[in-house]
Amino acid sequence: MPIVGQSAETTDWVSRFADEVIEESERRAPGKPVVVASGLSPSGPIHLGNLREVMTPHLVADEIRRRGHQVRHLISWDDYDRYRKVPAGVPGVDESWAEHIGKPLTSVPAPQGSAHPNWAEHFKAAMVDALAELGVEFDGISQTAQYTSGVYREQILHAMAHRADIDAILDQYRTKKAPAKKQQQKAVDEAELEAAEGSGAAAEDDGSSGSAGYFPYKPYCGNCEKDLTTVTSYDDATTELSYTCNACGFSETVRLNEFNRGKLVWKVDWPMRWAYEGVVFEPSGVDHSSPGSSFQVGGQIVGIFGGKQPIGPMYAFVGISGMAKMSSSKGGVPTPGDALKIMEPQLLRWLYARRRPNQSFKIAFDQEIQRLYDEWDKLDAKVADGSALPGDVAAHARAVGTAAGELPRTARVLPYRTLASVADITAGHEDQALRILSELDPDNPLSALDEARPRYDKAEAWINTQVPADQRTIVRDEPDAELLKSLDEASQQSLRLLLDGLASHWSLDGLTHLVYGVPKVQAGFSADATPKELPAEIKTAQRTFFALLYQLLVSRDTGPRLPTLLLAVGQERVRALLGE
């Protein structure tokens, strides 16, 4: 069943693309499975920006499956791309890896300590694991396997036979006399190279263009394995190809109809694959959608291979709270695996599902993750009680499961910020964590920590890996006698009111009512008075009261939410630290 009906006014962006893709697929290949595609280059850590290259077609493919159609989501692992440079910040990698620049990614050694046979497999494995946790179903295609086994041999020979036609198309976009246009094209090329690292096939030059003419094919050197080669001659009749290596000086003559150690250049390779696989839908980043970029040029070159350009929405960049646009060449950029350590797959899927592809958004690794989780839990509740808007219902359904079924979820949903506070305060002591969490709701106590997993584990990982040490919560061992002695009568009264109410309010809701109510009672109002019934000064009094409690409990002006903190510290210790 589709999440939203095809003709409904409430169709979301996924449904609209599914409509288009199904219709276009029936025009191009009636009765055959719908083909959508993604491209990922394991040239380094595959980051969260690259995940949009996968999630956009995944969500569309999943909607098509829900409607009962057969669909293939291809992920081309561009592991036969050249190794361009040594990415920064990769453990087990040093400057010695620079000697491999120019080789296929599958010919570059994996980082030291890796269990994988080569560079490409090392970075591919982490992404495969993350996609499995996210429920992404796909058919993976290794471009190394495709090229080295001769799968594309006919396509390569066809491209070589039509090299003049390809050259003429590319020439429309090559730099001309005008300096402004030259700078514009240079910017496009640089943007593609930057974005290509880890996010799809790596951008390359247009081909080998020497004294022998233009060739859309690059051999990898038979001696040093690098692609720093120039084709010096080619015979269409015999397919004899000669090349020289500019890196080591090696040269040889081969028969291209038997030779499997090279590849088409990127701007020819991509449209060739569209035609070969019959791709109907493949998104591309804003870098690939610029004038003269790969997607635009590919739309013309694909006709040489007898194919059509896929429906290709442009997708915007994904950022990280507090960080600039991601590039895997700069190191330290979060990957899907990093995100899944601190958030459940449902939340990560939702972030990609709720925004149209051309809308940029940020993924939170800082305190913002707590607000995102609050927003998600509110949506979850609205969907459950039937009050959510249709578009939000659709995004929620795409987040919690796929056509194959719902993803595993936490049995007992507790606020992420509460779990994070408990994990922070208890510092890995699970028995203490269970004690606190079981006191949150005395009428329905948590009986085992596993009920709160995996959300609890995600919140604990966030505390341990993303919260700076100076922001961690350390409860005082002894009362602050000096501060307690210095308190005026009003402050002492506020503490007495709190202590008198502890026993009867010892639950999350009860303590919330108590700590907010003390300043109200002191000012002569009811503890149940609403903000509209209170003067603005009450908010100031509450902040002052909260700061006093934080100072007495954790020696800081701020900290975890006070009700959670009080539960975590325990009633006996709270009474001691507050001077009872």
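In helix 14, the residues Y416, T418, L419, A420, S421, V422, A423, D424, I425 and T426 are buried, where buried means under 20% relative accessible area, exposed over 50% and partly exposed in between, with a 1.4 Å probe and protein chains only. The helix covers residues 416-426 and is mostly covered, with 10 of its 11 residues buried; helices (H or I, at least four residues) and strands (E, at least two) are DSSP runs, numbered from the N terminus. The model is a predicted one, in which local features need pLDDT of at least 70 and side-chain atom pairs count only at pLDDT 80 or more, while totals for chains, interfaces and linings use all residues. Residues are numbered from 1 along each chain as its sequence is written, and side-chain values use heavy atoms, with hydrogens and water left out.

The buried residues of helix 14 pack against helix 10 (336-342), helix 12 (368-385), helix 15 (430-438), helix 16 (455-466), helix 19 and helix 21 (562-569), contact meaning heavy atoms within 4.5 Å. Helix 14 is followed by A427, a residue whose phi is positive, near 50°.

Two packed helices are described by the angle between their axes and the distance between the axes. Helix 14 and helix 15 pack at an angle of about 140°, with their axes 9 Å apart; axes are lines fitted to C-alpha atoms, for helices over the stretch in contact, and angles run from 0 to 180 degrees between N-to-C directions. That angle makes helix 14 oblique to helix 15, because angles under 35 degrees count as roughly parallel, over 145 as roughly antiparallel, 65 to 115 as roughly perpendicular and the rest as oblique. On the side of helix 14 the contact is made by L419, V422 and T426, and on the side of helix 15 by Q432, A433, I436 and L437. By class, this contact of helix 14 with helix 15 has five nonpolar, two polar and no charged residues, where Ala, Val, Leu, Ile, Met, Phe, Trp, Tyr, Cys and Pro count as nonpolar, Asp, Glu, Lys and Arg as charged, and the others, Gly among them, as polar.

Helix 19 contributes V515, Y516, V518, P519 and K520 to the contact, and helix 20 contributes I538, A541, Q542, F545 and F546.

Two single residues complete the tour. S25 is found in helix 1 (residues 13-28) and is buried, with a relative accessible area of 3%; not counting residues up to four places away in sequence, S25 touches P30, K32, P33, V34 and V280. H100, by contrast, lies in the loop between strand 2 (71-77) and helix 3 (119-133), and at 10% relative accessibility H100 counts as buried.
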